[in-house]
Number of protein chains: 2
Amino acid sequence: MKNITWDAYQIFLAVARHGGLTGAAQAHALSPATVGRRVLDLEQGIGRQLFVRSQTGYRLTADGQALFEQLQAMDAVVRKVDGWRQEAHGASVVRLMAGTWVTWLVCENIQAIWSERDGFRLDMSVSERRATLAHRESDIGVRAVAPEEPHLASRHTGDVAYAAYRQRNAPAGLSSALLAVSEEDAISPYLRWPHEQGEVSIAVIVSRPRSLLDLARAGAGQAVLPCFVGDLDPGLERVGEELKQLRHGQWIVTNSEDRHRREIRTVSERLFRLVKSHADLFAGKRPSRSL
Amino acid sequence: MKNITWDAYQIFLAVARHGGLTGAAQAHALSPATVGRRVLDLEQGIGRQLFVRSQTGYRLTADGQALFEQLQAMDAVVRKVDGWRQEAHGASVVRLMAGTWVTWLVCENIQAIWSERDGFRLDMSVSERRATLAHRESDIGVRAVAPEEPHLASRHTGDVAYAAYRQRNAPAGLSSALLAVSEEDAISPYLRWPHEQGEVSIAVIVSRPRSLLDLARAGAGQAVLPCFVGDLDPGLERVGEELKQLRHGQWIVTNSEDRHRREIRTVSERLFRLVKSHADLFAGKRPSRSL
DNA sequence: AGTATGTCTTTCATTTATGAAAAACATAAC
DNA sequence: GTTATGTTTTTCATAAATGAAAGACATACT
């Protein structure tokens with residue numbers, strides 16, 4: 001019986017979990033080619049077929065399923081060891097500051113930003129006003145303006161577009177009134193906009209922008225939202241065209257002192273990739289509603 | 001936190017077990033150079049020193065010990081998977097876990113438990129503590145207490161008695177000091193007993209109970225041993241009567257999931273008969289010295 | 001029907017890991 | 001003391017594993 005190295009099991013588990021080579025490869029910072037070869041070697045070593053291959057991915061055979069279940073226990077041990085490892089590291093924290101909607105996007109895609117395996121905690125906080133990275137209150141910020149401060153490093157992620165949204169297939173005669181955030185909380189231009197449309201009445205006023213989404217979905221009226229939020233929500237539809245005057249750029253900003261810290265680089269890079277992968281949605285190009 | 005590949009743990013385990021690079025390297029068909037580098041990488045990745053290096057070998061640090069113990073469970077899973085792998089080749093594995101002395105008895109009477117004609121392999125491992133039986137993943141265990149776990153089936157085999165033994169016909173004035181296992185390894189009551197006899201001095205301390213027998217036979221002092229061990233050894237004789245406070249029952253335990261497997265039933269039954277046939281010896285009734 | 005997207009697989013240059021041998025070093029034996 | 005043995009560590013040429021890119025092939029979308 002051939003000797004099988006343990007990382008073969010590790011890779012097998014990843015493929016089984018992700019249902020394919022590409023996902024598993026990304027998760028382990030390997031190429032699909034390598035993962036495919038390793039799985040092949042494992043099957044060869046065990047002498048049974050573990051997966052049925054198709055163009056759409058890998059699916060477990062009965063034998064594969066049996067192995068998969070046994071290896072769960074192995075993974076559990078590793079998770080426990082990971083916990084033990086973190087004890088020493090003093091469990092560092094990465095503080096991420098962003099607006100309501102980027103925070104929302106991150107929460108919806110948290111697995112793309114952070115996993116339990118990471119050796120750090122994620123501390124997300126919402127701030128509508130310009131993120132105050134200056135005083136090192138957060139490690140990574142998302143901003144609507146390019147930073148002038150010399151000690152801040154930034155990466156441009158593209159544009160953010162806005163439009164008005166209302167409940168999809170709303171009954172005729174549904175309120176066309178606007179939903180708004182109270183004037184003293186309306187700092188960003190898109191939140192001030194409803195207050196500047198003199199002739200249209202404002203139906204409901206809330207203190208948190210997040211509530212606008214819930215209200216619009218419930219049919220309370222029209223809300224101005226970033227397109228990547230509105231277009232992603234199957235319960236909403238646009239009213240009119242993009243509000244071009246609200247469009248702005250977006251930057252991911254890090255304090256250049258701490259930028260070298262590995263976990264900060266990691267989160268920053270993942271965040272960048274996440275936003276980039278939604279770039280079209282951010283820019284208001286019409287929806288592909290796959291989240 | 002760096003990602004650590006599982007084979008790093010595998011290599012760590014090998015080094016810890018063999019106490020050095022060369023042994024571990026041979027066991028895994030690697031070169032000492034490679035093993036050394038991998039261990040270095042692992043320590044780097046974990047951020048703690050795992051071994052103290054010397055020209056004579058590698059010894060675990062406290063951190064290393066902690067990791068070592070956690071990884072035992074990982075190794076257990078692999079052994080189980082190995083068993084599963086062999087099923088394909090027709091040859092399955094029966095894993096038997098028992099204490100030092102039952103294991104010894106089985107080894108002395110291996111032909112009563114297993115022969116080459118049997119279509120399975122026997123995987124025996126020694127464990128003094130009871131708790132490990134649960135996650136060490138063995139098929140058959142021998143315990144000193146009746147299991148409470150509902151998924152374990154058990155058969156009572158009788159009582160086990162203990163007494164002190166020394167070299168037979170020892171020269172007068174031979175050391176009457178006690179032989180003991182180091183206190184941190186002394187889990188079972190009979191191993192703790194020497195440490196609890198305040199007035200008598202302990203002559204030699206070893207880490208493995210098995211060594212007690214060799215020491216006593218060599219005339220190093222008195223050792224507390226199960227009667228079925230001491231009475232069976234022609235080179236030993238009892239000192240005093242049975243130590244009644246150490247007497248306990250004994251159960252053969254099988255996981256009720258796998259209990260139906262034929263080879264497990266077979267081994268379990270043979271083991272039961274073997275122990276039963278030595279029942280008088282186990283119980284401390286005076287020796288019939290036929291092995 | 002045709003296009004686009006996402007997957008796996010293959011190929012080949014490159015990077016990485018590895019082993020053999022020598023060196024350095026303790027310990028044990030004499 | 002001195003030698004011998006067994007260990008770890010270093011060095012460097014070699015072998016093995018890897019990734020990037022291109023190809024092949026289904027599936028989903030328009």
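A residue is taken as buried when its relative accessible area is under 20%, as exposed when that area is over 50%, and as partly exposed in between (1.4 Å probe, protein chains only). By this criterion, 47% of the 291 residues of chain A are buried. The structure is a predicted model, so local features need pLDDT of at least 70 and side-chain atom pairs count only at pLDDT 80 or more, while totals for chains, interfaces and linings use all residues. Residues are numbered from 1 along each chain as its sequence is written, chains are lettered from A and ligands numbered from 1 in the order in which they are written, and side-chain values use heavy atoms, with hydrogens and water left out.

Chain A holds eleven helices and twelve strands; helices (H or I, at least four residues) and strands (E, at least two) are DSSP runs, numbered from the N terminus. With contact meaning heavy atoms within 4.5 Å, residues 24 or more positions apart supply 74% of the chain A contacts that have a separation of 6 or more.

An open sheet in chain A is built from three strands in the order β10-β7-β11, with antiparallel pairing; two strands pair if DSSP finds at least two bridges between them. Its edges are β10 (223–226) and β11 (236–239), each of which pairs on one side only. Neighbouring strands are turned by 55° against each other on average, direction ignored. Strand β7 (residues 162–167) of chain A is joined to β10(A) over four bridges, and A:Tyr162 has A:Pro226 as its bridge partner there. Helix α8 (residues 210–217) of chain A packs on this sheet and touches β7, β10 and β11, its direction making about 120° with that of β10(A). Axes here are lines fitted to C-alpha atoms, for helices over the stretch in contact, and angles run from 0 to 180 degrees between N-to-C directions.

A phosphate oxygen lies 2.4 Å from a polar backbone atom of B:Leu21, and a phosphate oxygen is 3.5 Å from a polar backbone atom of A:Ala29. A base nitrogen, in turn, is 3.2 Å from an N or O atom in the side chain of A:Arg37. The largest share of this surface, four residues, comes from α3(A).

How values were computed
Polar contact = N/O pair within 3.5 Å; in protein donor to acceptor, adjacent residues only side chain to side chain.
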